[in-house]
Amino acid sequence: MWTQCWLDYKAANKDAYGKYFTTLYVDGFKKDDVISTASDELARASLSMFERSLDIDISAPNKGIIIKKTGQELLGSEGYHIYADGDIAYIEAGTPQAVIYGVFRFLALVRTDAFNDKTDVTEIPSNPIRMLDHWDNMDGSIERGYSGNSFFFENNDIIINERTRDYARLIASIGINAVAINNVNVKEAATDLVNKRFIDKVAKLSDIFACYGVKLFLSLNYAMPIEYEPESADPLDEKVITWWKNKMKEVYDVIPNLGGFLVKADSEGRPGPFTYGRTQADGANMLAEAIRPYGGLIIWRCFVYNCKQDWRDLKTDRARAGYDYFSSLDGQFADNVILQIKNGPMDFQVREPVSPLFGGMRKTNQMLEVQIAQEYTGHQIDVCYLIPWFKQILSFKTYMNGADDTESTVANIISTKTGNVKIGGMVAVTNTGNDENWTGNDLAAANLYGFGRLAFNTDLDSEDIAREWIKLTFSHDKEVEDTISDILMSSWPAYEKYTAPLGIGWMVKPHDHYGPSVDGYEYDRWGTYHRADWQSIGVERGPDGTDFAGQYNSPNREMYRDASKTPEELLLFFHKMPYKHVLSSGKTIIQHIYDTHFEGYEEAKRMRDEWNSLKGKIDDRAFLESKKRFDMQVDNAHEWCDIVNSYFYRKCGIDDEKGRTIY
Ligand code: GCW
């Protein structure tokens, strides 16, 4: 069996809420699959929280819950309005899908004791698309998965069972409306997801998600027609174009509500339009035209770079690649193509600048891609609550329309508020698997919950999200709430401290990406360097180096080009600096490296002790599960601290001012 995470409807406050959980009246909506899902959810909650089955009324009751249809002028197609009037709780919405969100929100308010006579909540999602990408392979393994195996695939087949429904329910409850179920590296059997072999089962999955208002997407093998009669994937070749048109028809005949396709092309060994001397727009637009008759979307990833760099080459810079390949194509992409851009120009490090593609393109649909699978942030062994990091990314000012433009933040670009495009959103590489608790570490579920909530409402505060999640998951006890909230809120800064200083990144064990290996990627082809020598450390990305900094709009460009203006947390990302350079704290860079690593290790111990203080106060299973991981986290932080400090001490020979043991 598996847990229900934050949807485990434990007994709730009957005195306050019992009166609502009596009757349900659905006003104005026809009973369809989605409305049934919503009413079933209320019935389930009622039974579980109050041991009371809901009467379904056919006329307006004088107490209970009323789901009411409104016009879409005010709430759009996904917004809802929740309020109380006397003994009636109202959930108003314009569409069945929005009813789902309203129902889950109402239940969360009840379960956190936040619903009362004065409640008047209107929420309209910030982002049109709120998506999760699975990197699940059809053999059941998950690329960068840290929570067991796939619950979608096993032995090159599709799994459809109760868990599928539970998963759809879980993600709909936080406002997710799109999910791509297979790895962007489409290998072997996965190519057949759009063939007769699997298509009927994919259609079944799509129907299950549709009941929760979630659109199913598939990752597509761009090179697929090479294996068929066209024997090519050249996007301008008529045979290839016709082949894809036929393919889309075949797919949509069986799965009419498929959201569309996610594509990783010309990346890390995957073929793409470059193979044929074509642009990324040629490739994306060809698929977009083929899918257009069915209203589908092509989500095209911008993670395109040459992964065969020579480390001796100081001019080539992987960070530049996304902008170099895509920015000049602005305005050329079809309106049903969305570019999916990783938050940083490299690859989901614990700290990176925001990709200059945000604000570098003005007429192109864009989606922000983040990673809650903790590939570079502790493998869901170490706790690392990422929502504060995502908030920083969202609030980054791109100055898209000039130096006095403070409105074009990443959040406003992807939500389409900047007004240039019609569709955009947020997507996370997800952190789930078939482990009993879905996310390996129970605390990692805060990232899944938080991502959904934040994508729905980018104005939410990360600590508020954490506290809400804690109440829904563990307990209403204030001490428990404060303790877990404190752990979560200090976890990302702690992880940054004991791993990579000042934006340098990448000092991880190659391939696996857990644990330290300072030179692991230093002399290799992936373009991931720290360039440390005996005097200095960092990658020069100002005008004297690769001038990646020049890809930003002013005044960000001037800020990043100049070491004295670059925010210190990114100093070594942008500049090669002497170890003796003094930071604003008054410490030298080398002393900062020593101090933060010792501090990070202490923080890990403190978080472990805080967690251990919860024994007996939260569910035993969850307590023990994370306890195990906190011990491993402390070992990891210790290893990082020793290895990084010893490495740099030996490299530069500068003593720690505090005289601590460095080997
Ligand atoms: O972060 C890197 C991962 C790869 C991944 C790639 C990507 C799916 O190490 O495992 O491949 O990014 O985003 O495509």
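Rings of Phe, Tyr and Trp (its six-membered ring) count as a pair if their centres lie within 6.5 Å. Keep that cut-off in mind as you look at this predicted model, where Y17, Y20, F21, F50, F106 and F115 form one aromatic cluster.

**Aromatic rings**

Across the whole structure, a search finds 43 aromatic pairs. One of them joins Y20 and F115 in an edge-to-face arrangement, with 5.4 Å from centre to centre and 85 degrees between the planes. Y20 sits in the loop between α1 (14–17) and β1, while F115 sits in the loop between α4 and β6, so the pair ties together parts that are 95 residues apart in sequence. Both Y20 and F115 are buried.

**The sheet beside them**

Now to the strands. Six of them make an open sheet with mixed pairing, in the order β2-β1-β3-β5-β4-β6. The edges belong to β2 (55–57) and β6 (120–123); each has a single partner strand, so one side of each is left without a neighbour in the sheet. From one strand to the next, the twist averages 15 degrees. Helix α4 (residues 96–111) packs on this sheet and touches β3 (64–69), β4 (80–85), β5 (88–93) and β6. The direction of α4 makes about 45 degrees with that of β4.

At the β2 end, β1 (residues 23–27) pairs with β2 in the parallel sense over 3 bridges, and Y25 stands opposite D57 in β2.

**Lysines over rings**

Two lysines lie over aromatic faces, as listed here.

| Lysine | Ring | Distance from ring centre |
|---|---|---|
| K342 | F303 | 3.2 Å |
| K605 | Y601 | 4.2 Å |

Definitions and conventions. Residues are numbered from 1 along each chain as its sequence is written. This is a predicted model: local features need pLDDT of at least 70, side-chain atom pairs count only at pLDDT 80 or more; totals for chains, interfaces and linings use all residues. Side-chain values use heavy atoms; hydrogens and water are left out. Two strands pair if DSSP finds at least two bridges between them. Helices (H or I, at least four residues) and strands (E, at least two) are DSSP runs, numbered from the N terminus. Axes are lines fitted to C-alpha atoms, for helices over the stretch in contact, and angles run from 0 to 180 degrees between N-to-C directions. Contact means heavy atoms within 4.5 Å. Rings of Phe, Tyr and Trp (its six-membered ring) pair if their centres lie within 6.5 Å; planes under 30 degrees apart count as stacked, over 60 as edge-to-face and the rest as tilted. Buried means under 20% relative accessible area, exposed over 50%, partly exposed in between (1.4 Å probe, protein chains only). A charge sits over a ring if NZ of Lys or CZ of Arg is within 6 Å of the ring centre and within 35 degrees of the ring normal.
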